Amino acid sequence: MGSHSYRVKNLPRPDAYFEINGVPTDDTKIPRSQLVNPKNKLVASYGADGLVQAKFEIVSFQVKLPTGASIMVKGDRFDNQSLAAIKKLKQGNMLNIQYIKAKGPDGKEIQLRGLHIELNEYSVMKKLLVILLAVVGFSTIQAQHQINSFFDDMGIVRLETQELSETSD
């Protein structure tokens, strides 16, 4: 029998995602409640449409805070120190997750590209309020006025018409 040479290539580098309720998201605006939820974690994946499927384990990552402080975390979930720091962040603050290291099925550690996450509590709250007010019979315009009045009283950024039209579709 003859012999034949084969060339074996390394797996391509996966991307890092924040997994919410078991589903990796590439959304960059994430509510604090989802960031601090102990069920949610960082994952390395080729995405839902990836042709290659392989199991990677997040080994460690660094959380860079808006203050410039950094926290090194072991594993795929925020530790107590990083959770305490995230809980102190304000609406709109950016959280950078960098130096993400993952171990592939071959046992080799690789560094992944970082994630840039904006803390965005109010977009979720605004959308829920629009839906709730629509359910109780408010028109879209009435809902917008009610929500803006509420947010003005609370000192929160007003709901823009563009955001409202995206939720009422």
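The model is predicted, so local features are given where pLDDT is at least 70, side-chain atom pairs count only at pLDDT 80 or more, and totals for chains, interfaces and linings use all residues. Residues are numbered from 1 along each chain as its sequence is written, and side-chain values use heavy atoms, with hydrogens and water left out.

## The overall fold

Let us start with the whole chain. It has 5 helices and 9 strands; helices (H or I, at least four residues) and strands (E, at least two) are DSSP runs, numbered from the N terminus. Along the sequence their order is β-β-β-α-β-β-β-α-β-β-β-α-α-α.

Of the 169 residues, 34% count as buried. Buried stands for under 20% relative accessible area, exposed for over 50%, and partly exposed for what lies in between (1.4 Å probe, protein chains only). The accessible surface of the chain is about 11,100 Å², and carbon and sulfur atoms hold 52% of that. Such areas come from the Shrake-Rupley method with a 1.4 Å probe, and for residues only the protein chains shown count as cover.

Contacts tell us how the chain folds back on itself. A contact means heavy atoms within 4.5 Å. Among contacts between residues at least 6 apart in sequence, 56% join residues at least 24 apart.

## The nonpolar core

Which residues touch the most other members of the largest nonpolar core? They are Leu35, Phe61, Phe78 and Leu95, in a core of 28 residues. The term covers buried Ala, Val, Leu, Ile, Met, Phe, Trp, Tyr and Cys residues joined through side-chain atoms within 4.5 Å. Elements that each supply at least two residues of this core include strand S1 (15-20), strand S5 (57-64), helix H2 (80-88) and strand S7 (94-103). The largest share, 4 residues, comes from S7.

Phe61 shows what such a position looks like. Beyond its neighbours within four places in sequence, its contacts include Leu42, Ile71, Val73, Phe78, Ile97 and Tyr99.

## Salt bridges

Side chains of opposite charge can pair when their charged atoms come close. The structure holds 3 salt bridges, each a side-chain nitrogen of Lys or Arg within 4 Å of a carboxyl oxygen of Asp or Glu.

| Pair | N to O distance |
|---|---|
| Arg113 and Asp15 | 2.6 Å |
| Lys41 and Asp76 | 4.0 Å |
| Arg77 and Asp76 | 3.6 Å |

Arg113 and Asp15 form a salt bridge. Arg113 is exposed at 61% relative accessibility, while Asp15 is partly exposed at 28%.

Lys41, Asp76 and Arg77 are linked in a network of salt bridges. Asp76 is partly exposed, at 23% relative accessibility.

Arg77 lies in the loop between S6 and H2 and is partly exposed, with a relative accessible area of 34%. A polar atom of the Arg77 side chain lies 3.1 Å from the backbone oxygen of Lys39. Arg77 and Pro38 are 39 residues apart along the chain, yet their C-alpha atoms are separated by 7.3 Å. Leaving aside neighbours within four places in sequence, Arg77 is in contact with Pro38, Lys39, Asn40, Lys41 and Phe61.

## Two asparagines in loops

Is Asn40 buried or exposed? Asn40 counts as buried, because its relative accessibility is 2%. Asn40 sits in the loop between helix H1 (32-35) and S4, and its side chain reaches the backbone oxygen of Gln34 at 2.9 Å. Not counting residues up to four places away in sequence, Asn40 touches Phe18, Glu19, Ile20, Asn21, Gln34 and Arg77.

Asn120 has its place in the loop between S9 and helix H3 (121-135). Asn120 is buried too, with a relative accessible area of 7%. Setting aside neighbours within four places in sequence, Asn120 is in contact with Lys29, Ile30, Pro31 and Gln91.

## A nonpolar patch outside

Finally, the surface. Ile131, Leu132, Val135 and Val136 form a nonpolar patch there, with about 400 Å² of accessible area together. Patches are made of residues with over 30% relative accessible area and no salt bridge, where like charges are joined within 9 Å and nonpolar side chains (Val, Leu, Ile, Met, Phe, Trp, Tyr) within 5 Å. Val136 lies in the loop between H3 and helix H4 (140-154) and is exposed, with a relative accessible area of 57%.

Conventions
A polar contact is a pair of N or O atoms within 3.5 Å; within protein, one must be able to donate a hydrogen and the other to accept it, and residues adjacent in sequence count only if both atoms are side-chain atoms.
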